[in-house]
Amino acid sequence: MTLVDVRDLVKHYAGTRSWFGLGPAQPPVRAVDGVSFSIASGRTLGLVGESGSGKTTVGRTMLRLQEPTAGKVLFAEHDVFALDAARLRALRRRMQIVFQDPYSSLNPRMTVEETLREPLQIHGLHGQVSALLDEVGLDAAFAKRYPHELSGGQRQRVGIARALSVEPQFVVCDEPVSALDVSVQAQVLNLLADLQARRRLTYLFIAHDLAVVRHIADDVAVMYLGKLVERAPAAEIYAQPRHPYTRALLSAIPEPNPRATKRRIVLAGDIPSPAHPPSGCPFHPRCPHPSKSERCRTEPPPLREITPGHLAACHYAAEPM
Amino acid sequence: MTTETPGGGGALLRVRDLKTYFVTEHGKGTARAVDEVSFDLYPGETLGIVGESGCGKTVTSLSILRLIPEPPGHILPGSLIEFEGRNLLALPAPELRAVRGNQIAMIFQEPMTSLNPVFTVGDQIAEAAIIHQHLSRGAARARAIEMLQLVGIPDPGERVDHYPHQLSGGMRQRVMIAMALVCHPKVLIADEPTTALDVTIQAQILELLGRLQKELGMAVLLITHDLGVVAGHADRVVVMYAGRVVETAQTDELFDHPTHPYTEGLLAAVPRIDAPRARLHAIPGQVPAATAWPTGCRFRPRCPYAWDKCLTEPPLLETGTPGHTARCWLVTEPARRQASR
């Protein structure tokens, strides 16, 4: 059953004016430019992209931490963007977020206990702080500590406990492990998987690292310059990526195996600015696909089904690379 | 790949018993960030130094160039950093300056904060050539353009007059590399050169570093937390934990036969794209604070094999097979590994 349904989500940021606000307006930054997907209850969608792809903006706009430019988000049949403040607040209890940086997302002047109690009070709930700490693998003694007394991994556990305190159904995990060392990253990924199984949570797992996503996601969506370029069940996308960008991303991951002999696709050039996206297919200036043609420069490829359940936005997705 | 074994002659850079300590504020004691670190770097090779945050890898690299702020830091007497037969720690300042940035150069993790925002990239690349090679301004500018070309920046004649803020992250890291290589150093220290970059840009920069190393024949000290980067680019690897070297081996050997339980745990904790979805192996606990390393073996509180000996006797770097050393009692008592499985 679908829990979250995102339809044609658009978020543009107004361009700044040069000359202290007196100059001509710059074109808007098209951070998210028509993104659609749905997540079934209890599943994890991995949303992958490089910096500037718009993946974080998708997560925040879905929860209305930012107002959308256009589009629709349905959460358990509720139209999130149409709710008034009181109803939105009630719904927020059911959808939470874990932020990337556990250093800046905890209030340095609040103890762990105060941080965890605040959402309970706001929503009038009677949760146990000690039970929450236990659930995320922290000793009850941590309740009295301040964030600066905790390591990165411990802070992220507090961030997870805070999100879980109001018993949500859906959690946006925005790069929850990218600031952590590899041994601690594994601890937190395992914790997120355990919590999902125990509480039947639904995750949107946002990450830049396809290898991390491999270990948590059921389905994977890849973003490039504000658009989804590929979407498929996880096993499928790793075994048979269809979009040349996904192929390049997968091949660029440094494998911890000195004998790895995979063919590396090194993309030329930088990611263009989302204020000046290229015409046609946004990936065409960097695309290594041998069939690349004039059509890519002029005609934006739609996200279309290549094989059942596997979508890619490339005119030549069905051809070998 | 080098065939020489550590400890023999011919090393370009020899680090012996390096100890770099920091005096902490509020009297919390001395942080022994780097504690008796030894390794060799041979001409033309890439030596990877791997470890997680707080293991001392960056302090090691800064110590080599004597870039440790004193106070609060100090390199203890008895430490040796020998480059071409001279102890860099004993060199007077002018002689040190003739080595630093000239024969040993460094690139840093954060290209935005290590470039000066008020000078053009051309000026910043030319500076080292003017100082060390006494080039005229015109010749240095021509050299800067040549370097930008070498590191693969399009339109180098135009880019030379750009300021850092006009460049993307990947371009800035290319400029950093151009700056470091302008004097054709014998040793390049690359401290997390790709950590701040996106994965497709990382692939570009690593490919570039590999190509330049071949062309210029320099030795590279590649400092990283990423075992994937090491696997693809280092000839030999030094694994650091809690201020110490815990394992050294040829790269293939290290990945095939990790000996130290920390190396073993780290390799098992890395998410892999070729593995099926499964729980990851996590190392319990976290890196202890540098002011209070555990007694005995410093990895003992997190080690699945530890026994009473590990609590009382700090292990030495023991040689298992030639060229492969590990700081663990399992090297001398391998039966213990099977017993606790």
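Helix 6 of chain A is largely enclosed by the rest of the structure, because 12 of its 13 residues are buried (a residue is buried if 20 or more other C-beta atoms, placed from the backbone, lie within 10 Å of its own). This is a predicted model, in which local features need pLDDT of at least 70, side-chain atom pairs count only at pLDDT 80 or more, and totals for chains, interfaces and linings use all residues. Residues are numbered from 1 along each chain as its sequence is written, while chains are lettered from A in the order in which they are written.

Among the buried residues of helix 6 of chain A are Val158(A), Ile160(A) and Leu164(A). Helices here are DSSP runs (H or I, at least four residues), as are strands (E, at least two), numbered from the N terminus. The cover over the buried residues of helix 6 of chain A includes strand 6 (95-98), helix 4 and helix 7 (182-199) of chain A.

One of these neighbours can be followed more closely. The axes of helix 4 (residues 112-122) of chain A and helix 6 (residues 152-164) of chain A come within 8 Å and cross at roughly 25°, with axes being lines fitted to C-alpha atoms over the stretch in contact and angles running from 0 to 180 degrees between N-to-C directions. The two helices of chain A, helix 4 and helix 6, are therefore roughly parallel (angles under 35 degrees). Where they meet, Val112(A), Thr115(A), Leu116(A) and Pro119(A) of helix 4 contact Val158(A), Ala161(A) and Arg162(A) of helix 6; contact requires C-beta atoms, placed from the backbone, within 7 Å.

Methods
Angles under 35 degrees count as roughly parallel, over 145 as roughly antiparallel, 65 to 115 as roughly perpendicular and the rest as oblique. Two residues are in contact if their C-beta atoms, placed from the backbone, lie within 7 Å.
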